[in-house]
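Biologist: I'm new to this one, so please pick a single ligand site and walk me through it slowly. After that, show me what lies around it.

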Amino acid sequence: MKRLIIATLVLFGLSYGTIQAGSVYLEIPMATGEPHPEGNVFWRTNHMDLLRHDRDLTMRQGERDIDASLASCVTCHAVNGPDAKPVTVKSEDHFCRVCHDYTAIKIDCFQCHNSVPADFGETSLMFNRPDNTLDILLAYLEELSL
Ligand code: HEC
Ligand code: HEC
Ligand code: HEC
């Protein structure tokens, strides 16, 4: 229920912002590439479900029933910083933080996933696997299924 209220507040805030030209609540950074065929409202409302990990180790099973890749999100939705390079999720300007900061949502996805396009060489667990990677993954997935 709380989630629904938050989502509604954000959606309302956004549409209100666009109606009231000049008093936009949140400035969502522009993306590059083709827009989503399902539309922005659909994506605002449903991205969290589309991105959800399978509760089984996706990696092992090699099968997913979702079609959303986090690596692709941070590519089209990259936001450049003052040095003309995409900012990481440490920056409050990062696409994924704009709304989340506003609604006080914290996501832990970028502990493992890159928050910038692949060519920008951010080192994450994905590319720098310590010996205990599998333990970390299993602990993470276990937490998800609680
Ligand atoms: C503990 C490490 C870890 C965390 C934290 C984590 N993931 Fe993953 N994720 C993985 C691994 C490993 C894979 C499988 C490797 C791959 O497909 O690249 C994966 C695959 C995925 C995929 C499919 C492949 C892709 O490129 O997107 C999605 C979508 C995804 N994760 C979303 C998320 C989201 C959303 C969160 C935060 C809620 C999250 N992950 C948090 C480790 C993690
Ligand atoms: C091929 C490029 C591309 C990819 C990949 C992509 N997006 Fe988008 N996305 C866009 C465009 C273009 C828009 C339209 C709004 C804009 O221009 O910023 C958009 C809009 C959105 C919106 C609505 C923003 C608003 O202003 O209301 C959300 C939320 C979103 N995307 C999330 C995601 C997530 C999460 C992923 C990864 C699963 C993703 N996108 C992958 C290009 C992309
Ligand atoms: C247009 C605003 C907006 C943008 C941009 C956005 N999100 Fe979200 N996100 C939300 C809202 C609102 C919620 C909380 C909804 C709820 O509580 O169910 C949320 C929730 C989530 C959740 C679930 C968190 C949880 O604890 O259940 C994940 C995962 C997530 N977003 C991933 C992303 C990623 C990854 C990006 C960047 C690629 C992104 N979001 C960009 C608005 C946004």
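Modeller: Before we go in, one term: a residue is called buried if its relative accessible area is under 20%, exposed if it is over 50%, and partly exposed in between, using a 1.4 Å probe and protein chains only. This is a predicted model, in which local features need pLDDT of at least 70 and side-chain atom pairs count only at pLDDT 80 or more, while totals for chains, interfaces and linings use all residues; side-chain values use heavy atoms, with hydrogens and water left out. Residues are numbered from 1 along each chain as its sequence is written, and chains are lettered from A and ligands numbered from 1 in the order in which they are written.

Let's take ligand 2 and begin with its metal. The iron atom of ligand 2 is coordinated by H36 and H77, each through NE2, at 1.9 to 2.0 Å. A donor here is an N, O or S atom within 2.8 Å of the metal (3.2 Å for Na, K and Ca), and water is not among the atoms, so a site may look incomplete. The 6 donor atoms around this iron subtend angles of 88 to 179°, which makes the arrangement octahedral. The pair ties together parts that are 41 residues apart in sequence, as H36 lies in the loop between α1 (2-19) and α2, and H77 in the loop between α4 and α5. For six donors, octahedral means that opposite ones are over 155 degrees apart and all others between 65 and 115. And the helices themselves are DSSP runs of H or I with at least four residues, while strands are runs of E with at least two, numbered from the N terminus.

Are the two histidines buried or exposed? H36 counts as partly exposed, at 29% relative accessibility, whereas H77 is buried, with a relative accessible area of 17%.

A residue is near a molecule if one of its heavy atoms lies within 4 Å of it. Around ligand 2 there are 21 residues, and the closest are H36, R44, C73, C76 and H77. Some of the neighbours also make polar contacts, meaning pairs of N or O atoms within 3.5 Å. R44 puts a polar side-chain atom 2.5 Å from an oxygen atom of ligand 2, and a backbone N or O atom of A31 lies 2.9 Å from one of the ligand's oxygen atoms. H77 turns up again, with a side-chain N or O atom 2.8 Å from a nitrogen atom of ligand 2. As for the elements, α2 (40-50) and α4 (70-76) are the ones that give two or more residues to this shell, and α2 gives the most, with 4 residues.

What is the shell made of? It divides into 11 nonpolar, 8 polar and 2 charged residues, with Ala, Val, Leu, Ile, Met, Phe, Trp, Tyr, Cys and Pro counted as nonpolar, Asp, Glu, Lys and Arg as charged, and the others, Gly among them, as polar.

Helix α2 leads us on to ligand 3. The iron atom of ligand 3 is coordinated by H47 and H100, again through NE2, at 2.0 Å. H47 sits in helix α2 and H100 in helix α5 (residues 95-102), 53 residues apart, so this pair links distant parts of the chain. H47 is partly exposed at 24%, and H100 is buried at 16%. Here α5 gives the most to the shell, with 4 residues.

Zooming out, the chain has 6 helices and 0 strands, and buried residues make up 25% of its 146 residues.

Methods: Polar contact = N/O pair within 3.5 Å; in protein donor to acceptor, adjacent residues only side chain to side chain. Tetrahedral: all angles 85-135°; square planar, octahedral: opposite > 155°, others 65-115°.
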